Amino acid sequence: MMRVEASVFQRKLLDWFDLNGRKDLPWQQPVTAYRVWLSETMLQQTQVSTVIPYFLKFVDRFPEVDDLASASLDSVLQMWSGLGYYARARNLHQSARIIQASGRFPDNFDSLIQLPGIGQSTAGAILSIAFQNSHPILDGNVKRVLARFEGVSGWPGTSVTAKQLWTVSAYYTPKERVADYTQAIMDLGATVCTRSKPDCVRCPLHTDCYARLNGTVALLPAPKPAKKLPVKHLYFLYLTDGSGHTLLEQRPLSGIWGGLWSFPEFESVTAAHKWCLCQQISIIKSECLPEQRHTFSHFHLNYIPLRITTDNHKHFVMEANRLVWYKNPQIKLLGLAAPIQRLLESTHEDTA
């Protein structure tokens with residue numbers, strides 16, 4: 001049994017949305033299936049303020065799904081560089097090509113969730129916002145609102161808790177004004193029912209909220225169980241010559257930074273030097289720059305840039321075109337791993 005009638009929940013939320021909801025976000029002007037899909041994908045594990053400039057640049061470069069489908073993966077990754085979780089960009093590109101081949105954007109749930117990167121919540125958002133078809137969603141903001149309102153304990157990442165929250169979400173999702181409702185419940189979680197310091201006084205649902213009535217707002221939803229992240233250590237080979245070239249390696253599509261351009265990696269300075277000698281690359285100067293850290297969802301990466309200068313640059317292409325010397329102005333056209341981009345910028349390479 002839910003705490004209130006669905007119609008009561010919907011009315012309170014929609015009344016609040018009419019006065020306080022966000023109606024001028026870039027993907028709302030205009031609303032299309034492509035723009036909703038792109039925004040929902042970018043917003044996965046990323047805040048609105050971070051997404052907005054990326055979204056604007058992305059749709060300026062790829063205004064329609066056919067533009068995205070016709071683009072190279074390199075150009076897509078370049079526009080995504082710095083936003084993180086790069087599998088999202090690869091899935092967008094792959095799905096765009098599937099959509100282009102089919103001749104139309106899918107407007108039903110079963111077709112949408114078959115596309116790479118589109119799960120149940122993203123499909124629900126596309127259908128409800130772009131097509132005005134009633135489907136529940138369950139992104140991070142909605143999980144938080146519903147877990148607190150209904151008092152659903154347990155970490156939402158578990159199948160049992162997720163199933164409970166999907167049931168709650170489906171119960172409260174209306175048949176009418178579903179696009180506004182979907183935006184409203186996401187807005188409420190993003191602006192009022194926030195993870196820390198929620199503004200319960202302003203919440204239109206506070207009179208019936210389980211967490212507020214029981215003093216458990218700070219406890220719900222339950223956090224992900226803490227786990228100490230392992231640390232990986234490596235050296236980035238930052239190899240340049242006197243002619244304005246830098247050696248870059250395109251990473252495999254699977255794994256971290258999939259498809260992005262990075263520096264070759266080695267476990268030691270000795271291994272990097274040995275590799276250079278095997279490639280007949282003379283070492284004129286070699287220095288280790290300060291160690292830095294980049295944190296992924298499942299481990300910390302501690303890396304030391306090993307900057308080597310050579311005087312015998314050679315234009316070789318190895319390992320299926322994955323290892324290439326690039327003229328420095330060309331680098332700005334590549335999709336770079338974020339630490340590599342920062343390193344190039346901090347050492348004054350011409351990547352602008």
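For the classes used below, Ala, Val, Leu, Ile, Met, Phe, Trp, Tyr, Cys and Pro count as nonpolar, Asp, Glu, Lys and Arg as charged, and the others, Gly among them, as polar. The model is predicted, with local features requiring a pLDDT of at least 70 and side-chain atom pairs a pLDDT of 80 or more, whereas totals for chains, interfaces and linings use all residues. Residues are numbered from 1 along each chain as its sequence is written, and side-chain values rest on heavy atoms, with hydrogens and water left out.

The second largest pocket has a volume of about 520 Å³, where a pocket is an open set of points on a 1 Å grid over the protein atoms alone, with protein on both sides within 12 Å along at least five of seven lines, and a cavity is a set of points where a 1.4 Å probe fits but cannot get out. Grid points are joined across faces, edges and corners, and a volume is the space filled by probe spheres set on the points. Lining residues, defined by an atom within 4 Å of a point, number 23 for this pocket, and Leu-83, Gly-84, Tyr-85, Tyr-86 and Phe-296 lie nearest its centre. By class, the lining of the second largest pocket comprises nine nonpolar, twelve polar and two charged residues. At least two lining residues are supplied by each of α6, β6 (292-295) and α14 (338-346), the elements being DSSP runs numbered from the N terminus, with helices (H or I) of at least four residues and strands (E) of at least two. The largest share, three residues, comes from α6.

Helix α6 (residues 87-102) also packs against helix α2 (residues 33-42), at an angle of about 160° and with the axes 10 Å apart; axes are lines fitted to C-alpha atoms, for helices over the stretch in contact, and angles run from 0 to 180 degrees between N-to-C directions. The two helices α2 and α6 are therefore roughly antiparallel, a term applied to angles over 145 degrees, with those under 35 counted as roughly parallel, 65 to 115 as roughly perpendicular and the rest as oblique. In this packing, Trp-37, Leu-38, Thr-41 and Met-42 of α2 meet Arg-88, Leu-92, Ser-95, Ala-96 and Ile-99 of α6, contact meaning heavy atoms within 4.5 Å. Six nonpolar, two polar and one charged residues make up the contact of α2 with α6.

The axes of helix α5 (residues 73-80) and α6 come within 10 Å and cross at roughly 140°, and α5 and α6 are therefore oblique to each other. On the α5 side the contact involves Leu-73, Val-76, Leu-77 and Trp-80, and on the α6 side Arg-88, Ala-89, Arg-90, Leu-92 and His-93. The contact of α5 with α6 is divided into six nonpolar, one polar and two charged residues.

The largest cavity has a volume of about 130 Å³. Of its 15 lining residues, Arg-148, Cys-193, Cys-200, Cys-203 and Cys-209 are the closest to its centre. Helix α9 (residues 140-150) contributes the largest share of this lining, three residues, and the lining of the largest cavity divides into eleven nonpolar, one polar and three charged residues.

Among backbone features, a cis peptide bond joins Gln-29 and Pro-30, with omega about -5°, and Pro-30 is located in the loop between α1 (6-20) and α2. Another cis peptide bond links Leu-220 and Pro-221, with omega about -10°.
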